Amino acid sequence: MPKALVIVESPTKARTISSFLENAVVESSMGHIRDLPRSAAEIPASAKGSEWARLGVDVENDFKPLYVVPKDRSQQVKKLKKALEEADVLYLATDEDREGEAIAWHLVEVLKPKVPVRRMVFHEITKPAIEEAFANPRDLDERLVQAQEARRILDRLYGYEVSPVLWRKVQPRLSAGRVQSVAVRIVVERERERMAFVPADYWGIEGVFARADDLDRTFTANLLSVDDARVATGRDFDEQGKAKEGVLILDRDTAEALATGLADASFQVRSVTTKPYKRSPQPPFRTSTLQQEAGRKLRFSSSRTMSVAQRLYENGYITYMRTDSVNLSETAVAAARSQVAKIYGEQYLSPSPRRYASKVKGAQEAHEAIRPAGESFKTPEQVAREVGPDEAKLYDLIWRRTMASQMADAVGVTVTARIGAVADDGRDTVWGASGRTITFPGFLAAYVQGRDEEDADDEEGVLPPLEEGVDLAVQRLEPTGHTTKPPARYTEASLVQRLEELGVGRPSTYASIMTTIQDRGYVFKKGTALVPSFTAFAVVTLLERHFPQLVDYDFTAAMEADLDSIAAGEQESVPWLSSFYFGDDGLRETIARRLDEIDPREVGTISIGKDADGNEVVARVGRYGPYVERGEERASIPDDLPPDELTVEKAVELIETQNAGAKIFGTDPESGLTVYGMTGRFGPYVQLGEQEEGAKEKPKRASLLRGWDLDEMGLDDALRLLSLPRVIGHDEDGVEILALNGRYGPYIQRGEDRRSLESEDQLFTITVEEALQLLAEPPRRRGQARTSVLADLGEDPGSGKKITVRNGRFGPYVTDGEVNASLRKGDDPSKMTLDRALELLAARRERLASG
């Protein structure tokens, strides 16, 4: 029998598949083994003199990509080449989507096998599926490879041509991306809507009633109309706070007077309407809907969801998790229906198997929905005994959604009642109550669709039996005040949904896009809501005004459709790329034409309004961050301040606080100089003495330590800070040992020898003996600074590893001992939770896996 070498992407996938193929050697490529250069250092010497080398794409030679094997993949390539020397046939078992096809093609190009090459595809990692794929391989699909290469080249051209514009006109080290920039625009547009929103106040009356002959069963009804004039609700106001014509707007006094006037009124049911209710199940999960539901029900981020799903797939529990399809195979339908009948009963099955078709633009990734793997499905209870809590929760969600997709409709009745009463001043009032009774739960026995929080206010309770003419007893009439709310910010779940609706991006990109826009500083989280930064505003404004096509929703969706047509063989990639890059309105010409027209001050300015004296107040995004400006006065904007909360009042407060006169702590007893507390561009600090006019030397200054506040400090605290750097003492050779507070935290220094301290308190308390003991420890390599544990969050439910928050050289981060993940803007180390830490670590692992 020929010796077979099977190559997959990950070690976990390799271990699982090797258990099914006894006569094959299964190795991992560790993701992509080559790609376009990530930095100038990776560009080969032979190409460095070329004008196109910075792009990594020879745009003058049919957009030929320059592929390189990164240093961190070279050892793996050597290992694979050695394994191939012992093989008689090579099987490429990478994922079945475009990305997987491209990885397989790159393996062939780099390994240059002299033995037959087979392409092995499967959508689940079970013994029957792997054996079937091994026995029936196919050839590489060149069209899929070409489509993926076209996407990669397109994204490189977009990013490497547009990003430098942002560096020059907004801030250094910013990035632009074909899908990334559109996602940021969506978030910014929502924030603009919130900033323009004008709230409106309105009142209503809520009543609690019961049948006069059954006081124990209460229900709620709301005031609908007064003398046939409909009472206004939140839906009757526009974003400027204006109400529709013809509605009655109650204020507090009117609502309270009316409630008082109804205190002794007789309430009676005037009408009852009953309608049948039917609800059908949702299709099985595809990638985007899995991310949305896991976000709503489990509070998982997109990256955490995909990381957990990847583990479930690679260990054989679910089918491939990057797919646009909602189709179930015949085997899966049979397995689901058999399990429904066994667990819930035959009556819970739909009359016939349900078939679902994808409505997603350009659906193409895999051939089946995300479902439990195998010809018969493991129950959530069985899986929970074999995997960690995250995997168990996500499997339960997938299993229930799959079961529900083959179950019967939920049926019942919806009852709507209208109640009337006349106030003591003769005004006629009508009240409304509605309720729903489920007579047969059907698929709801297995699965209830999650909702975004802002859509969760339409739940209906159950009403007691009501008939026309029935007298009601009033238990409470309560005037209720309301204020209209601005449109809710996007969450990761709702942003993924919006991108999918627009046809922007594909399943394999959504999780990485959510991570990228946060890592780049364009978006930060407030709870689960995505808040754009002021830098995001400047970038989006620049792109909208000067390169509108690049962030146009229809144009971006059309590019996705064109790339799909390349995969289908309906278009060729080179002419298409040439049109995008070199055309009359092509990327290169557009940037060259518009670059000098861009005014950084214009795109980086956001009007806030006028203060009480009529002075214009604006926010600006400068090279070193955002600030507010009023005339000649400026003040930095805190990183975690949402743009819609930067009102004129808040801006004035920032200006007056940061430009206020210095706080005087007192006099330094040694020098006789005054000790001041001040706030500058980089935050609060203390200063000894004043800056003398014409003097080159600045007064001694010291930044505040973490958690310190000028308002809460006294003279002793200020003098302690000014004592730094502190001379701890001397070693046996008489060399001075200092304690210093640096950019990356507290440390000690002896000559050129440095060691980080565990905490800032040690700056004032560490002794000579303790310092010498610390200096005796071996120095750590660059980037491996001594870290202090800020918080112990507990164990990772999946791996059992201890999760901690630490303060490292480059700021706070979370770690499980193997993977480190920096905290993002808006994350407070003191308020870090285990769930949030696991989310950050999952996102970091995904970035490491993608190379």
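Visitor: How many bridges join strand 16 to strand 17?
Guide: This is a predicted model. In it, strand 16 (605-610) runs antiparallel to strand 17 (residues 616-622). The number of bridges joining the two strands is five.

Visitor: Which residue takes a positive phi in the hairpin of strand 16 and strand 17?
Guide: The hairpin has five residues between the strands. A positive phi near 85° is found there, and the residue that takes it is Gly 614.

Visitor: Which strands are the edge strands of the open sheet?
Guide: The sheet has four strands in the order 16-17-18-19, with antiparallel pairing. From one strand to the next, the twist averages 25°. An edge strand here pairs on one side only, and that applies to strand 16 (605-610) and strand 19 (633-636).

Visitor: What angle does the direction of helix 20 make with that of strand 18?
Guide: Helix 20 (residues 648-658) packs on the sheet. The helix touches strand 16, strand 17, strand 18 (625-630) and strand 19. Its direction and that of strand 18 make an angle of about 95°.

Visitor: With which strand does strand 7 pair over eleven bridges?
Guide: Strand 7 (residues 201-211) is mostly covered, with nine of its eleven residues buried. Ile 205 has Pro 479 as its bridge partner in strand 13. The pairing over eleven bridges is antiparallel, and the partner is strand 13 (residues 471-483).

Visitor: How many residues lie between strand 7 and strand 8 in their hairpin?
Guide: Strand 7 and strand 8 (residues 214-226) run antiparallel and are joined by six bridges. In one of these pairings, Phe 209 has Phe 219 of strand 8 as its bridge partner. The number of residues between the two strands of the hairpin is two.

Visitor: Why is helix 8 roughly antiparallel to helix 13?
Guide: Two packed helices are described by the angle between their axes and the distance between the axes. Helix 8 (residues 287-297) and helix 13 (residues 492-502) have axes 8 Å apart and pack at an angle of about 160°. Helix 8 is therefore roughly antiparallel to helix 13, since the cut-off for that term is an angle over 145 degrees.

Visitor: How many residues of each class are in the contact of helix 8 with helix 13?
Guide: The crossing of these two helices is left-handed. From helix 8, Ser 288, Gln 291, Gln 292 and Arg 296 meet Ala 493, Val 496, Gln 497 and Glu 500 in helix 13. By class, the contact has two nonpolar, four polar and two charged residues.

Visitor: Which residues of helix 14 make the contact with helix 8?
Guide: Helix 8 packs with helix 14 (residues 507-519) at an angle of about 35°, and their axes are 8 Å apart. The residues of this contact divide into three nonpolar, three polar and no charged. On the helix 8 side are Thr 287, Ser 288 and Gln 291, and on the helix 14 side are Pro 507, Tyr 510 and Ala 511.

Visitor: What share of the residues in the chain is buried?
Guide: The chain has 24 helices and 31 strands. Its C-alpha atoms fill a box of roughly 100 × 90 × 60 Å along the principal axes. Of the 851 residues in the chain, the buried share is 51%.

Notes: Residues are numbered from 1 along each chain as its sequence is written. This is a predicted model: local features need pLDDT of at least 70, side-chain atom pairs count only at pLDDT 80 or more; totals for chains, interfaces and linings use all residues. Side-chain values use heavy atoms; hydrogens and water are left out. Buried means under 20% relative accessible area, exposed over 50%, partly exposed in between (1.4 Å probe, protein chains only). Two strands pair if DSSP finds at least two bridges between them. Axes are lines fitted to C-alpha atoms, for helices over the stretch in contact, and angles run from 0 to 180 degrees between N-to-C directions. Angles under 35 degrees count as roughly parallel, over 145 as roughly antiparallel, 65 to 115 as roughly perpendicular and the rest as oblique. A crossing is left-handed if the near helix is turned anticlockwise from the far one by less than a right angle, and right-handed if clockwise. Contact means heavy atoms within 4.5 Å. Ala, Val, Leu, Ile, Met, Phe, Trp, Tyr, Cys and Pro count as nonpolar, Asp, Glu, Lys and Arg as charged, and the others, Gly among them, as polar.
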